[in-house]
Amino acid sequence: MLIAILSAFLCAISMKLFLIPAKVYASGLNGAAQLIVDIFHDFLSIDLPMGLLIIALNLPVFWIGWTRVGKSLTFYSFVVIGITAFFLSVIPTHQISDDIILNSIFGGVISAAGVGLALKHGISTGGLDIIALYLSRKNDTPTGRYFMILNGVIIVVAGAVYNWQNALYTLVSRYVNSYVIDLIHTNYQKLTVFIITPHADAVVSAIQENFDRGATIIPAYGGYSKKPIYSVMMVVSNYEIYEIERTIKSVDPKAFIDIVETRRLNGYYHSEKEQNSFLKKRQKLKKDNHKHPNGENIIDCQKRYRRRYQRNGGKQSTITHNEHFQANHKHNKQ
């Protein structure tokens, strides 16, 4: 809730102190509401409440977020929307600078700080954030890229209705906004982890117990200690790295960990959605261990499912009765 309040406050401040006075438009549906309010005020002499308009525009996005992104994120997103609407109603519009370039840049940076902070903690500021986050998770690409694409309509309409100078400054503000969001929200980034440890098997087993990630164990030799050692290499997503470090240190507190950014990745790699699906399936198999006929070895079942899951490109598949028989026969012999 504290993150939601802070994010909403930053978004409202960026609009009230920088963007609205300069007629530079905010990101997403906030910018759309800002443009609609300006059009009604300038051409029809009707003052629309911006806070209520933002809530109304976000209602259709609620279904996408609730069904495609996540119920918790959607709930807190609408909390952010409601608080943003409140701040927009109580904070007066005040022009800090007459320079439209400064207003564009600082408005974009402050707005991006609010959006990025929310996304980093698993919520959003609503509107196009939810749509961009859904597309980012689906295609495993930077979130800011979709903000640029989805905000193109607002820029074109603003340029056609008012003047292209303000529209171009809006484009500058949106570019700064997207760049800062990608600096803060880095879940899509891939990292290569090198782990130097004598306990390679234990480390890999501990990691694979909680994460659906493979690893390559490379025999090595300590240049200082002159002792045989192992280097474990694996590629993970940025959102996993904190827990993976904790897992490694819980097994080998003296492990040397080197983390480098991965610029490009080729080959089969589970996305966040695929990994969550696999881990849920594995947890279900553990809970249903007593239901397997003849006390089937759960470890064999997990390994078999993992191989099939990778062969099928992340698609779920059932285990045949013949495989159950073979696993049971192997288990009984042991």
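## Surroundings of D38

In this predicted model, D38 touches K23, Y25 and Y162, when residues up to four places away in sequence are not counted. The place of D38 is in helix 2, which spans residues 28-44, and with a relative accessible area of 13% D38 falls under the 20% cut-off and therefore counts as buried.

A158 lies 120 residues from D38 in sequence, yet the C-alpha atoms of D38 and A158 are 9.9 Å apart in space.

## Packing of helix 1 against helix 5

Helix 1 (residues 2-22) packs with helix 5 (residues 100-120) at an angle of about 165°, and the axes of helix 1 and helix 5 are 8 Å apart. Because angles over 145 degrees count as roughly antiparallel, helix 1 and helix 5 are roughly antiparallel to each other. The crossing in which helix 1 passes helix 5 is left-handed.

On the side of helix 1, the contact is made by residues including I3, L6, L10, L17 and F18, while helix 5 contributes, among them, I100, F106, I110, V115 and L117. The residues of this contact divide into 15 nonpolar and 6 polar, with no charged residue.

## The chain as a whole

The protein chain has 14 helices and 4 strands, and 46% of its 334 residues count as buried. Among contacts between residues at least 6 apart in sequence, 71% join residues at least 24 apart.

The accessible surface of the protein chain comes to about 17900 Å², and 61% of that surface belongs to carbon and sulfur atoms.

Methods:
Residues are numbered from 1 along each chain as its sequence is written. This is a predicted model: local features need pLDDT of at least 70, side-chain atom pairs count only at pLDDT 80 or more; totals for chains, interfaces and linings use all residues. Side-chain values use heavy atoms; hydrogens and water are left out. Axes are lines fitted to C-alpha atoms, for helices over the stretch in contact, and angles run from 0 to 180 degrees between N-to-C directions. Helices (H or I, at least four residues) and strands (E, at least two) are DSSP runs, numbered from the N terminus. Angles under 35 degrees count as roughly parallel, over 145 as roughly antiparallel, 65 to 115 as roughly perpendicular and the rest as oblique. A crossing is left-handed if the near helix is turned anticlockwise from the far one by less than a right angle, and right-handed if clockwise. Contact means heavy atoms within 4.5 Å. Ala, Val, Leu, Ile, Met, Phe, Trp, Tyr, Cys and Pro count as nonpolar, Asp, Glu, Lys and Arg as charged, and the others, Gly among them, as polar. Buried means under 20% relative accessible area, exposed over 50%, partly exposed in between (1.4 Å probe, protein chains only). Accessible areas come from the Shrake-Rupley method with a 1.4 Å probe; for residues, only the protein chains shown count as cover.
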